[in-house]
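Here are my notes on the model, as numbered points. Please read them with the structure open.

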There are 2 protein chains.
Amino acid sequence: MDKRVITISREFGSGGRTIARKVATGLGYRYYDKELVEQVALETGFDPQYVEERGEEAPGNSSLSYSFMPPGVPGVMQGMSAADFLWSMQRSVILSLADKEPCVIVGRCADFILRDRADSLHIFIHADDAFRAKRIVSLYGESETSPEKRLQEKDRKRMLNYRHYTHREWGMCQNYHLSLRSDVIGIDRCADLIVSLAKDV
Amino acid sequence: MDKRVITISREFGSGGRTIARKVATGLGYRYYDKELVEQVALETGFDPQYVEERGEEAPGNSSLSYSFMPPGVPGVMQGMSAADFLWSMQRSVILSLADKEPCVIVGRCADFILRDRADSLHIFIHADDAFRAKRIVSLYGESETSPEKRLQEKDRKRMLNYRHYTHREWGMCQNYHLSLRSDVIGIDRCADLIVSLAKDV
């Protein structure tokens with residue numbers, strides 16, 4: 001059976017997003033990343049940048065409480081924290097995108113949210129720290145924080161977010177159908193492998 | 001670069017051993033499983049069955065203490081528990097087998113022991129519980145304990161053994177170059193995939 005929905009979870013700097021884009025091109029599927037963020041922003045009333053930054057963070061990192069939400073946010077969510085509200089809306093956008101058409105979705109606990117779909121393939125991409133450090137500097141530039149520290153902080157946020165909302169451990173093989181170490185296997189080879197599995201497993 | 005050493009870690013009943021045998025045949029490599037056990041038995045003086053059963057268990061499960069070891073066990077290990085002694089000998093056998101010739105090694109923390117070899121490829125095989133339960137009953141027969149309980153106990157022992165000796169979490173993607181869910185991807189397809197990666201990554 002063809003896999004209609006591919007979710008790609010990834011360590012920061014591992015090339016997961018690049019692989020996801022190549023997989024979407026290879027399969028002729030929609031690639032959901034910015035567009036997912038925009039749709040969540042639209043449905044929540046949050047700023048897209050807030051959704052982008054906070055959508056994969058642990059709730060404890062969210063300093064906004066619901067009472068400070070922008071006007072127009074549906075009243076049914078009253079009493080929820082901003083983080084829980086964002087999670088809930090993100091979840092329903094992901095479920096509806098996956099229903100709509102064949103697609104590749106990056107991050108945001110999509111592997112967990114879509115775990116019961118038999119037509120989905122869940123992937124985790126990771127890589128050696130040195131490879132990732134070099135990659136984030138070349139992609140996003142230097143910053144005051146060392147690349148190693150930036151990797152650590154970002155991965156930690158994703159891990160805490162995942163644990164909080166899924167009660168599973170981020171990066172455990174058992175959550176995914178396939179995990180790949182991109183610096184050893186190569187970014188293109190990872191993408192080719194996923195495309196070929198999506199077509200006939 | 002060709003990968004000369006393939007380690008296969010696996011959930012109980014996932015088909016990891018079958019995949020390992022197919023990979024060894026496909027690559028023309030030696031397959032180390034029983035032979036590893038026999039060599040460890042020879043070097044420790046332990047009974048092969050004891051090595052087979054206890055070599056992947058947590059130290060707490062070992063009721064033997066070193067003072068009850070069979071005669072002929074080297075005196076340098078005095079003061080070590082039987083479990084630690086077994087681990088230490090198993091480790092040195094694995095290191096020396098990997099040096100000797102291209103091979104496939106199943107379980108026994110070989111991924112950790114050989115983690116610094118650039119010519120090694122570390123794999124984790126896992127599968128859905130229902131698939132594994134069916135498989136262990138067809139391979140090893142029924143027992144008084146339910147298949148689900150047998151899976152849980154065996155995986156728990158491997159997890160505790162791995163955690164104790166490697167200070168890493170068993171089944172984390174980051175420990176391996178590749179992890180595969182065998183019930184979805186298929187046992188033959190998993191083997192083919194590993195053979196092809198071993199040849200040219």
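1. Which residue forms a salt bridge with A:Arg181? The partner is A:Asp183, with the closest N and O atoms 2.8 Å apart. A salt bridge here is a side-chain nitrogen of Lys or Arg within 4 Å of a carboxyl oxygen of Asp or Glu. A:Asp183 counts as partly exposed because its relative accessibility is 24%. The classes are buried under 20% relative accessible area, exposed over 50%, and partly exposed in between (1.4 Å probe, protein chains only).

2. Ground rules. This is a predicted model, in which local features need pLDDT of at least 70 and side-chain atom pairs count only at pLDDT 80 or more, while totals for chains, interfaces and linings use all residues. Residues are numbered from 1 along each chain as its sequence is written, chains are lettered from A and ligands numbered from 1 in the order in which they are written, and side-chain values use heavy atoms, with hydrogens and water left out.

3. Salt bridges. Over all chains, the structure holds 36. In chain B, B:Asp119 pairs with B:Arg117, the closest N and O atoms being 2.9 Å apart. B:Asp119 is classed as buried because its relative accessibility is 14%. In chain A, A:Arg4, A:Asp99, A:Arg117 and A:Asp119 form one network through salt bridges that share partners.

4. A pair within one helix. A:Arg132 forms a salt bridge with A:Asp129, with closest N and O atoms 3.0 Å apart. Both residues lie in helix H6 (residues 129-140) of chain A, three residues apart, or about one turn of the helix. Helices (H or I, at least four residues) and strands (E, at least two) are DSSP runs, numbered from the N terminus. Are the two partners buried or exposed? A:Arg132 counts as buried, because its relative accessibility is 4%. A:Asp129 is partly exposed, because its relative accessible area is 48%.

5. The interface. In chain A, 23 residues are in contact with 23 residues of chain B. Contact means heavy atoms within 4.5 Å. About 2000 Å² is buried between the two chains, and carbon and sulfur atoms give 58% of that area. Buried area is the accessible area (1.4 Å probe) that two parts lose on being put together, summed over both. On the chain A side, A:Cys173, A:His177 and A:Arg189 lose the most area to chain B, together 27% of what that side buries.

6. B:Arg189 and A:Asp200 meet in a salt bridge through their side chains (2.8 Å, N to O).

7. What supplies the chain A side? Strand E4 (120-126), strand E5 (178-181), helix H8 (182-185) and helix H9 (187-200) of chain A each supply at least two of the residues that touch chain B. H9(A) gives the largest share, five residues. By type, that side divides into 12 nonpolar, six polar and five charged residues. Ala, Val, Leu, Ile, Met, Phe, Trp, Tyr, Cys and Pro count as nonpolar, Asp, Glu, Lys and Arg as charged, and the others, Gly among them, as polar.

8. B:Glu11. This residue sits in the loop between E1 and helix H1 (16-27) of chain B. B:Glu11 is buried, because its relative accessible area is 5%. Its side chain makes a polar contact with the side chain of A:Gln174 (2.8 Å). A polar atom of the B:Glu11 side chain also lies 3.2 Å from the backbone nitrogen of B:Ala127.

9. B:Arg10. This residue lies in strand E1 (residues 5-10) of chain B. B:Arg10 is buried, because its relative accessible area is 6%. The side chains of B:Arg10 and B:Glu56 make a polar contact (2.9 Å). Leaving out residues up to four places away in sequence, B:Arg10 touches several others, including B:Phe124, B:Arg158 and B:Trp170.

Technical notes
A polar contact is a pair of N or O atoms within 3.5 Å; within protein, one must be able to donate a hydrogen and the other to accept it, and residues adjacent in sequence count only if both atoms are side-chain atoms.
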